[in-house]
Every structure is written in structure tokens, then in C-alpha cells.
Amino acid sequence: MDSIRLRSLPRLFLALLLFFVSFGYATAQGEQPAAGEVGTSKNPSEAGVTPGGVAAAAPAAAAGTTTGDPAAIAAGDALFKSNCAQCHAVHEVVVGPALAGVSKKHNMPWLISWIKNSSKMVASGDAEAVKIFNEYQKQQMPSFQLSDAEITSIIAYVDAETAKPAGTPTGLTADSGGNTVVDGTAAANGDSGSAMNILLIVLVVVLIVLVVTLVIIANIMKDVLRGRKDLDGRDREQIEERFDYSRIYKSTAVRGIVGTVFVLAVLYETIQGAMGVGLSQGYQPTQPIAFSHKLHAGENQINCAYCHTSVYKGKSANIPSPNICMNCHSQIKTESPEIKKIYRAIERKQPIQWVRIHNIPDLAYFNHSQHTQVAGLECQTCHGPIENMEVVYQYSALTMGWCINCHRETPLNTKGNGYYDNLVKLHDSKNGAVPFTVSSNGGTECSKCHY
Ligand code: HEC
Ligand code: HEC
Ligand code: HEC
Ligand code: HEC
Ligand code: HEC
Ligand code: HEC
């Protein structure tokens, strides 16, 4: 009877070990920031089940908000990071104000209409709106096409973060709008990661205590049994038997499990790697001169085309030559070490080695003047808030899907252009309900972008 219990002890160890190893692996997988998973691709529903989301819910409830639903907070977290984080943080002023306590400052309907269209509210003369607009040097916050529910979840997330003490690392840097997009994901991963780590440490401690207790019990039982006179030879053999560890390696079950886990891990890495090939959203290299778009295009309001002279005329937007810098820097900041780099480049007749950020492969054709001059698109639609970037980063994905989506959705500007009159008439007579978009005009045909 006793010897049977003793024999099952090593098996219990083995079972615990296996459980622990597989649990540990599953956790490590969950934490892994995938290569292609930058910026917006974070799945909100996935985040909803991480302990990070649950942990955030608790303080929100404590703060007395009604919207402490962890799923809403997690969704709000993802929305905040993809839409708001380049200008806002919860506890510190970035471009816009710190958002801590904003739900106490304004009521929900106000917040919803503000986020949907702040300039409309300022124009309507709403006292609160005008006040905050003036406080922030009349900078305009962009409009967002978010649903009421999405905005509510963003505010729920802000409330949950408000309840946390200031100074908790958010991964967002206030100095450069550029970093926020990249770091946003890191922070999201880090939040759930650290909760997982705590859970893991607790588990390890519990497990060690358990193992030590079991070893002590086993030894006590052995001692008791050795003292007994009524055992025959076979029972004694069993008591003294050592556990044969090589049996673990030889076991087919263990080999099978280890093999499967290994194959799955390799497969996962390969797929993630393949999905991310050629994607460089968020790419933000360090440039040879600390040139700031925030300072030049933002604060000093220099027109983009003053430097990128060909952007309305040609296929490519050029990068300005040092001579353009000299129009101003022959007088301005002449003693600055960064400006001296420009002088040195001119003296040596060597161009400044700017690192290229945006680059679509040669197999596709993209033309700036078609989009800026003909379509009248703003640079910011594709390049994001450049005028707030200390260091430029790639804001859009620049994938084929990204080009095509916009061509499907954007109505073509056909007014006052005789070339389109017959085409539009033809289109309206067939399906007048849908607007005449770029794709109605063949903008999604392969040959427009590939030849
Ligand atoms: C391009 C920068 C930018 C982005 C992106 C942005 N905001 Fe703003 N936000 C501002 C600025 C600047 C202000 C200050 C008011 C003004 O000047 O219009 C502001 C003000 C606000 C206010 C009022 C704060 C107060 O203290 O009264 C709220 C609320 C707000 N933003 C929420 C959001 C949310 C939510 C998002 C994301 C969906 C967002 N903002 C995205 C720039 C931005
Ligand atoms: C004073 C000159 C100047 C002005 C004004 C300026 N830029 Fe630039 N821009 C540069 C220089 C120099 C670079 C290359 C260094 C860098 O990437 O920061 C650059 C780089 C860029 C890039 C990245 C190019 C790449 O490598 O892919 C984009 C996009 C861009 N500018 C857009 C804009 C937009 C949009 C505006 C207007 C809001 C603007 N620029 C205004 C000088 C200027
Ligand atoms: C239209 C005028 C104008 C042009 C063109 C211009 N800058 Fe500037 N630049 C400024 C002004 C204004 C400042 C801010 C000076 C200050 O802070 O007092 C500045 C500041 C800078 C600084 C920060 C210097 C420091 O140490 O604080 C750098 C670096 C710089 N510019 C680089 C460039 C480069 C590179 C180009 C060419 C691609 C360029 N600038 C073109 C007007 C210009
Ligand atoms: C429809 C989207 C779109 C708009 C609008 C747009 N760009 Fe671009 N921009 C791109 C793409 C795509 C590239 C990469 C082009 C390539 O690799 O050939 C790019 C590249 C650039 C570059 C790097 C040099 C080059 O041509 O490859 C600069 C600088 C730039 N854009 C500036 C601007 C400025 C300034 C404006 C506004 C006047 C603007 N862009 C408007 C999509 C856009
Ligand atoms: C933000 C919206 C937007 C994005 C993003 C965009 N485009 Fe466009 N594109 C337009 C619009 C609007 C037009 C129509 C211009 C006109 O009136 O002819 C257009 C026209 C074109 C045309 C000419 C089509 C024709 O019928 O002659 C080509 C080619 C093109 N785009 C390529 C691209 C490529 C390649 C990308 C991605 C790298 C891209 N576009 C991304 C809005 C966009
Ligand atoms: C509006 C412009 C546009 C149209 C229309 C378009 N493409 Fe593309 N395509 C692109 C761009 C930009 C890339 C490069 C994307 C990247 O680097 O991820 C690309 C990449 C590709 C690639 C390379 C694989 C890849 O994902 O990098 C293939 C193959 C391709 N396109 C086929 C097609 C076919 C087939 C059609 C017609 C059904 C088509 N494209 C229509 C813009 C377009």
C-alpha cells in the first residue's frame, strides 16, 4: 500500500514539470512582439483576455467610473495608441494636453462631439472648446471618424490610466512625436508581459515550495518504512530504488511533446517573418543632421514645397540640397555644431547622406504630382503629422492594400474638368448611387501601378 504511493511520487513530479514547461512556453509565445505587428495591427480582442487588461479594470472601478469593462478598456487602449498617442499622453503634455481626468472636466456628449470634430465645436463658439483651443496656441486637433462606442472605450481607457499613479512607464516619449508610434506597441506588450511575469514568479515559488515539501515527506516516509520489521526483500528494494531519470528522455510521450512544441515554434516564427517582409511602417532612422520638421515646418511654418520643390510637379518629392538650407542658415544659428555640418558638406562638395525612409519597391509606380496637385491630397493624409515630428518616421503602411483602399474610397475630383464629363455621365446612368471614385476610373487596375 505505502510502496504504491511512493512509486507514484516521481510521476507526480514529472506531470508538474511538464505542466510547468508547457505553461512557460505558452506565456513566452504570448509576450513575443511579432515582427510585422507594428502600430495598428494589435488585435483588441486578444488584448481583452490578457491580465494587463484585467489589472487596468480594477483601478477604474475604484475611481468610480461606470465604464470599467476590461474589454472596452483594452479596445480603448488599442484605439488610443493608433489614433491619439502621437499627440496625447495621459499624465503629460505632448502636443495636446494630458488627458488624465478629462471625463471629469467634460461630459461624455461633449467629448464625443469634440473628438469627432473639434474645429466645428470651436467654430460654433462652445466656451469650453474655445478656451482649450486658445490655451494650445490654436493648434487644431484632427477630426476622427470613430463611433460613439469607440470613443467611450478610449475614455474608459484614459480613466483607467488616470487611476494609475503618474510616472508609470507608458513607453511614450514626450520629446518626439515620432517615437510614440513604435513604442506604443512595446508598451502594450510590456503591460501584459509584466503581469505575466509576476504570475510566473508566483507559480515558480509555489512549485518550489511544493517540491521541497514533497521531498521532505518522501524522506520521512522512507525513514519510517526502513524502521519497520515486517517488510520482505522486494518491498525493501522498492523503498531504496532511485528514480531513473533517463526514463524521461526515453519516453515517447515526452519526445512527442517536445518535438511538437519545437515544430510549432519554428512554424510560428516563419509565418510571422514572412508576413513582415518588406513592411517598414514606423521606420525612423537617425539622420546625419538633427534636422527637425517640427521646428521648420511646424513652429516656423515653412511650406513643405519650399524644400521639397518637386512634390507638386514631378513623380518624386526631392530632398533639399544644402544650398536651400543656406538660404537661411548663412545667417541663422551659424555657430551650432549641427549647422556646421551643412557648411562642411558644401566645402567638401559632398551631399548630406540623409537616410531614405519611404521606399516602395520598383515594381510599383507612384507619382506625387498625381496625388498632391491633381487629387489635391494633403501631405499629412499619407505622411501623418510631419509638422510635429522631430525625426520623420514612416506613418503609413505603403502596402498595395493601402493604395487600393484609398482608391476605392476616395471620390475623384471631376469638377470643372471636361475630360471627365462623359465618364461621369456614363457612371451615373449605370450606378448613380455609388460615388465616382478613383477605382471607378480604373484606379485599381493592375496596369495603373504595375507595368
Ligand atoms: C495631431 C495631434 C492630435 C491628435 C492625433 C489628437 N489630439 Fe486631442 N488635442 C490636440 C490638441 C492640440 C488639443 C488642444 C486643443 C486644441 O488646440 O484644439 C487637443 C485636445 C483634446 C481634448 C481636450 C482636452 C482638455 O483638456 O479639454 C481631448 C479630450 C482630446 N484632445 C482627445 C483626443 C483623443 C481621444 C484623440 C484620439 C482619438 C486625440 N485627442 C487625438 C491634438 C491632438
Ligand atoms: C526646411 C526644409 C524642409 C521643409 C520645410 C520640409 N522638409 Fe521634409 N525633409 C527635409 C529634409 C532635409 C529631409 C531629409 C531628412 C529627414 O528625413 O528628416 C526631409 C524628409 C522628409 C520626408 C521623408 C523622406 C524619406 O526619406 O522618405 C517626408 C515624408 C517629408 N520630409 C515631408 C515633408 C512635409 C509633409 C513637409 C511639410 C509639412 C516637409 N517635409 C517640410 C526638409 C524639409
Ligand atoms: C526658411 C528658413 C530655413 C531653412 C530653409 C532651413 N532652416 Fe534650419 N532653422 C531655421 C530656423 C528659424 C531655425 C531655428 C533657429 C533657432 O532656434 O533660433 C532653424 C534651426 C535649425 C537647426 C537646429 C540648430 C540648433 O542647433 O538649434 C538645424 C539642425 C537646422 N535648422 C537644419 C536645417 C537644414 C539641414 C536645412 C536644409 C535642409 C535647414 N535647416 C533649412 C530656418 C531655416
Ligand atoms: C497619396 C499619398 C501621398 C501623398 C498625398 C504625399 N506623399 Fe510623399 N510619399 C508617398 C509615397 C508612397 C512615397 C514613397 C515613394 C517611392 O518610394 O517612390 C513618398 C515619398 C516621399 C518623400 C521621399 C522622396 C520620394 O519621393 O521618394 C518625400 C520627401 C515626400 N514623400 C514628401 C511629400 C510631401 C511634401 C507631400 C505633400 C506636398 C507628400 N509627400 C504627399 C505618398 C504620398
Ligand atoms: C489617400 C488616398 C490615396 C492613396 C493612399 C493612394 N492614392 Fe493613388 N490616387 C488617389 C486619388 C484621389 C487619385 C486620383 C487622381 C486624379 O484625379 O487623377 C489617385 C490616382 C492614382 C493613379 C492614377 C490613376 C489613373 O486612373 O490614372 C495612380 C497610378 C496611383 N494613384 C497610384 C497609387 C499608388 C501606387 C499608391 C500607393 C503607393 C497610391 N496611389 C496611394 C488617392 C490615393
Ligand atoms: C494603386 C496601385 C496598385 C494597383 C492598382 C495594384 N498594385 Fe500591386 N502593388 C502596389 C504596390 C505599391 C506594391 C508594393 C507593396 C509592398 O511593398 O508591400 C504592390 C505589390 C504587388 C506585388 C508584389 C507582392 C507584394 O505584395 O509585395 C504583386 C504580385 C502585385 N502587386 C500584383 C498586383 C496585381 C495582380 C494587381 C491587379 C489586380 C495589382 N497588383 C494592382 C500597388 C498596386
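**A walk through the helices**

The structure is a predicted model, in which local features need pLDDT of at least 70 and side-chain atom pairs count only at pLDDT 80 or more, although totals for chains, interfaces and linings use all residues. Residues are numbered from 1 along each chain as its sequence is written, and chains are lettered from A and ligands numbered from 1 in the order in which they are written.

Two packed helices are described by the angle between their axes and the distance between the axes. An axis is a line fitted to C-alpha atoms, for helices over the stretch in contact, and the angle runs from 0 to 180 degrees between N-to-C directions. Helix α16 covers residues 322-329 and helix α17 covers residues 337-347; their axes come within 10 Å and cross at roughly 130°. That makes α16 oblique to α17, where angles under 35 degrees count as roughly parallel, over 145 as roughly antiparallel, 65 to 115 as roughly perpendicular and the rest as oblique. On the α16 side, Pro-322, Cys-325, Met-326 and His-329 meet Ile-339, Ile-342, Ala-345 and Ile-346 of α17. Residues are in contact if their C-beta atoms, placed from the backbone, lie within 7 Å. In this contact there are seven nonpolar residues, one polar and no charged; Ala, Val, Leu, Ile, Met, Phe, Trp, Tyr, Cys and Pro count as nonpolar, Asp, Glu, Lys and Arg as charged, and the others, Gly among them, as polar.

Now consider the whole chain. Its secondary structure consists of 22 helices and zero strands. Of its 451 residues, 19% count as buried. A residue is buried if 20 or more other C-beta atoms lie within 10 Å of its own, exposed if 12 or fewer, and partly exposed in between, with C-beta atoms placed from the backbone. Among contacts with a separation of 6 or more, 71% join residues 24 or more positions apart.

The largest nonpolar core has 24 residues, and those with the most contacts inside it are Ile-73, Phe-80, Ile-154, Ala-156, Tyr-157 and Val-158. Such a core is a set of buried Ala, Val, Leu, Ile, Met, Phe, Trp, Tyr and Cys residues joined through C-beta atoms within 7 Å. Two or more residues of this core come from each of α4 (70-83), α6 (108-116) and α9 (148-163).

The axes of α4 and α9 come within 7 Å and cross at roughly 95°, and these helices are therefore roughly perpendicular to each other. Among the residues making this contact are Ile-73 and Phe-80 of α4 and Ile-154, Ala-156 and Tyr-157 of α9. By class, the contact has nine nonpolar, two polar and two charged residues. The axes of α6 and α9 come within 10 Å and cross at roughly 110°, so α6 and α9 are roughly perpendicular to each other. Here Leu-111, Ile-112 and Ile-115 of α6 meet Asp-148, Ile-151 and Ile-155 of α9. Five of these residues are nonpolar, none is polar and one is charged.

Some loop residues have a backbone angle to note. Most residues other than glycine have a negative phi. Gln-301 is not a glycine, yet has a positive phi of about 50°. Gln-301 lies in the loop between α14 (293-299) and α15 (304-307), and is exposed, with 8 other C-beta atoms within 10 Å. Lys-349 also has a positive phi, near 55°. Lys-349 lies in the loop between α17 and α18 (368-374) and is exposed, with 7 other C-beta atoms within 10 Å.

Key
Helices (H or I, at least four residues) and strands (E, at least two) are DSSP runs, numbered from the N terminus. Two residues are in contact if their C-beta atoms, placed from the backbone, lie within 7 Å.
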